[in-house]
Amino acid sequence: IIFVFHGNGRNAKEYRDAVIKKANEFNFIVIAPEFSNANFPTSDSYNLGNVFIDGDHPSPETLVSEEKWTFSTIEPIFDFVKEKLANTSEKYTIIGHSAGAQFALRFAMFKPAARFNKMVASASGWYSVTDFSVDFPYGFKESPLKEIDLSNFFSKEIYLQVGELDNNKNESGLRRNEFADAQGNNRYARAYYFYNKAKNLAENNTISFTWKINTNKGLNHDFKPALEKAVDLLFK
């Protein structure tokens, strides 16, 4: 079972359709939840998982109860699909692209007991970096992530990927402010910034680090070839 998380276009059907050929080739089930603009209208409710009422200004008073987090929908969906299909999978895999990659990575951060075994996070626009001195959502400070178990997080089988040509700093929808720009001025730079910060933190604390990062040669931000490349990473 592979969950596929869509980007800000909220086009779950297109994301599902983009991996059907690969699903038939490698014999997996695709679950593509749609976090619609009607029900999840902002980046707070999707990209940031509805952990805070206002994710850009986190505070203990605006912390949402965990059962209302958007992240808390995934495990019940997994169990529902297993029951309906009489499926016996104990684990699932995740692919997220763009805003979906942001959702996927933060899901792994905020839900350490989640039953996924592999993840491909593809071309996030910006990141919650593994930095305890930077406020959430750009780092871990002022959020429940200040208590994160890094040994658990860094031991996950996580692949980061980004297109070689996903380097347009003026692309619409790309968050630009002093905190996001500290990670780089385009998706390609930010992906490597996030990866290197995590790797250096792991090395400095003698923590095992199993993540990998991959550049897709000749690709930009188009989700269709990115999803195909993500599946290939999982089944190589």
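This is a predicted model: local features need pLDDT of at least 70, side-chain atom pairs count only at pLDDT 80 or more; totals for chains, interfaces and linings use all residues.
Five of its residues, I74, E75, F78, V81 and K82, are buried. Because they cover an arc of only 125° around the axis, they lie on the same side of helix 3. On the other side of helix 3, E83 and K84 are exposed. The buried residues of helix 3 pack against strand 1 (2-5), strand 2 (30-31), strand 3 (92-97) and helix 4 (99-110), and just after helix 3 the residue A86 takes a positive phi of about 55°.

Rolling a probe the size of a water molecule over the atoms shows where empty space is left. The largest pocket holds about 350 Å³ of space and is lined by 24 residues, among which N8, S98, A99, G173 and R187 lie nearest its centre. Its lining is made up of five nonpolar, 15 polar and four charged residues.

Two cavities of 30 Å³ or more were also found. The largest cavity has about 50 Å³ of space, and its lining includes H97, S122, Q161, N216 and D222. Strand 5 (157-163) and helix 8 (223-235) each give two or more residues to this lining, with the largest share, three residues, coming from strand 5. The lining of the largest cavity divides into five nonpolar, six polar and one charged residue. The second largest cavity, with about 30 Å³ of space, is lined by Q102, L105, R106, M109, S124, W126, Y127 and S128, of which four are nonpolar, three polar and one charged.

Key:
Residues are numbered from 1 along each chain as its sequence is written. Side-chain values use heavy atoms; hydrogens and water are left out. On a 1 Å grid over the protein atoms alone, a cavity is a set of points where a 1.4 Å probe fits but cannot get out, and a pocket is an open set with protein on both sides within 12 Å along at least five of seven lines; lining residues have an atom within 4 Å of a point. Grid points are joined across faces, edges and corners, and a volume is the space filled by probe spheres set on the points. Ala, Val, Leu, Ile, Met, Phe, Trp, Tyr, Cys and Pro count as nonpolar, Asp, Glu, Lys and Arg as charged, and the others, Gly among them, as polar. Buried means under 20% relative accessible area, exposed over 50%, partly exposed in between (1.4 Å probe, protein chains only). Helices (H or I, at least four residues) and strands (E, at least two) are DSSP runs, numbered from the N terminus. The arc is that of the directions from the helix axis to the C-beta atoms. Contact means heavy atoms within 4.5 Å.
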